[in-house]
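Hi there,

Here is the structure I promised to pass on to you. Have a look at it first, and then read on for what turned up in it.

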Amino acid sequence: MMKDDGIVVAVGLAGLGFLTWVPGGANAGDWNQWRGPDRNGVSTDETELAEAWPEDGPVKVWESETLPSDHYGGHGSAVVSDGKVYMSLIWHRDVPTETRSIDNRVMSDLGNRGNDFSPELKAAAEKARVERPTRLRGAALNEWAKEWVAEHLNESQQMRVGSWLASRLVKGKAVLSFEDYEKLDAVRNKRFESFEAMVEWLDGQGFSEEAKEKIIAAVPSTRLAAEDVVICWDAETGEELWKAAFESEETSRKASSTPAVVDGKVLAVSRDSLYSLDAETGDLLWKSPLPMIGPASCPLVVDGKVIFQAEALVAYSFESGEKVWEQKEVRGSNSSPTFWEVGGQRLIVANGKDGAVLVDGKDGAVVANLRGGGEASPVVSGDYLVVYGGGEDGGLYGYRWDEGAGEAVELWGHDWRSRRKHSTPIIYEGHVYLAGGDKQLCVNLETGEKAWEELRRVNISSPFLADGKIYTLQNNGGTLTMFAASPEGYEELGSAKVGALSCPSPAIADGRVYLRLKDRLACFDLREG
């Protein structure tokens, strides 16, 4: 470790080298923020991990108490620092109410997945659904629906909503029509003063009796109340050490991100606030409002600032919580920023909605715009930057900082069509490893030449690398898989059913992995023996 103007700089050797600077840094082996201590998915822990797993997978050490997830608790990941595990979430609970609301949960329960089709395609799909061949059953019906989708939807539409539309065709008259969804969309999240008021509105919209019954059954007699919650557990035993809760409001399931633990403080972003808490006690140090209502990304602490994306890229003072700068050209909230020390300057790299953006960390000024953008987080190693994203037709892009020109130069790019581009890549020993977009692949960092590619059900959760092995959640979080970090070829070393959520990413510390399951947090031992 070395100090530079009061900033602690940790020097690592994974990949081609990288630099991290945070106030106070992280202990060796910690996973104190999103994507680990160096924000790159590579563990600095030197614990030897098992080369293979028993048939029933790695040993589960402990589970937490029941935790809300998805609509009730979001998708934030855990972090580990100084023998403690931390997680922040929006904790929703149902409370009785006289009012009624057709909110996002109701729309989801009613099978709505959007309908951004042309009027002609909507009409054709509705006609096929209502008039589907009554003689078809089972596999024959499924095959008919699949063929109809392939004939009428383009490749992009098939990727996004093909399976959903096929299921509508199979269910026939048992599902709501596109017209029904459009009527409900017009009052989405509107709160009717009573059950009777909602029914009166439904009666005036021309819904069929069958549709009206489905809607009434889907709308609960409760409303969501919410708190912003940060929890701390003992990393070895799972004992809850403290829980801090603050009054909040009902919000999106996305509005709870992964916290960062730096210099004895927990930085947590919620629906509309940034919190700084004492890591030992959970006591509130300060709270600052966000420039928008969540979701927001995972905080990065650098040069005395807390930086994250909340529809804009924003920076707050680590010590006081005062907002330092805001860059509105960086749009987006799901991707989390990282840092890049090149050309004698410290840049913030963010994946916005329209592309990747390089920003001066001192004042938030835009330095350059690059190809990329989207949900995944950028990753750097020395002079190299890798960005995954760019929408359905985007892909994986490699950049290198040109010292002479003073700019990032694109070295290579791989484009492919994918429904989701959320997972963050890993750079290790001159190669890039990706587990996302329903594939796992390895490419050369310098040339972009593909070493190998495997089709796998991997999409949102990001992998991590430890002890020369890469660990990733597959099959919508159901399976934890371990494979060798080698360009020589794909070699799976272990696979275990763990029942994790599909969105949160694993955290690794001292040979143990911490996974957010569907209703709790769990710790598994990955160590040899």
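Let me begin with one arginine. Arg168 sits in helix α4, which covers residues 155-171. Please keep in mind throughout that this is a predicted model.

Is Arg168 buried or exposed? Its relative accessibility is 3%, so Arg168 counts as buried. Its side chain makes a polar contact of 3.1 Å with the side chain of Glu126. Apart from neighbours within four places in sequence, Arg168 is also in contact with Arg129, Val175, Leu176, Ser177, Phe178 and Tyr181.

As general background, nonpolar side chains in soluble globular proteins tend to be buried together.

Not counting residues up to four places away in sequence, Tyr471 touches Leu49, Ala50, Trp53, Pro463, Phe464, Ala466, Leu480, Thr481, Met482 and Leu526.

Now for the charged pairs. How many salt bridges does a search of the whole structure find? The search gives 33. Here are some of them:

- Asp94 and Arg105 meet through their side chains, with an N to O distance of 3.7 Å. Asp94 is in strand β6 and Arg105 in helix α1 (residues 104-109), so this pair ties together parts that are eleven residues apart in sequence. Asp94 is partly exposed at 37% relative accessibility, while Arg105 is buried at 12%.
- Glu341 and Arg346 form a salt bridge of 3.4 Å, N to O. Glu341 is partly exposed, with a relative accessible area of 31%, and Arg346 is buried, with 19%; the cut-off for buried is under 20%.
- Asp360 pairs with Lys362, their closest N and O atoms being 3.2 Å apart. Asp360 is buried at 13% relative accessible area, whereas Lys362 is exposed at 58%.

There is also a network of salt bridges that links Lys60, Glu63, Asp519 and Arg520.

Enjoy looking around in it!

Best wishes

Notes:
Residues numbered from 1 in each chain as written. Predicted model: local features only at pLDDT ≥ 70, side-chain atom pairs only at ≥ 80, totals over all residues. Heavy atoms only, no water. Contact = heavy atoms within 4.5 Å. Helix = DSSP H or I, 4+ residues; strand = E, 2+ residues; numbered from the N terminus. Buried < 20%, exposed > 50% of the residue type's maximum accessible area, 1.4 Å probe, protein only. Polar contact = N/O pair within 3.5 Å; in protein donor to acceptor, adjacent residues only side chain to side chain. Salt bridge = Lys/Arg side-chain N within 4 Å of Asp/Glu carboxyl O.
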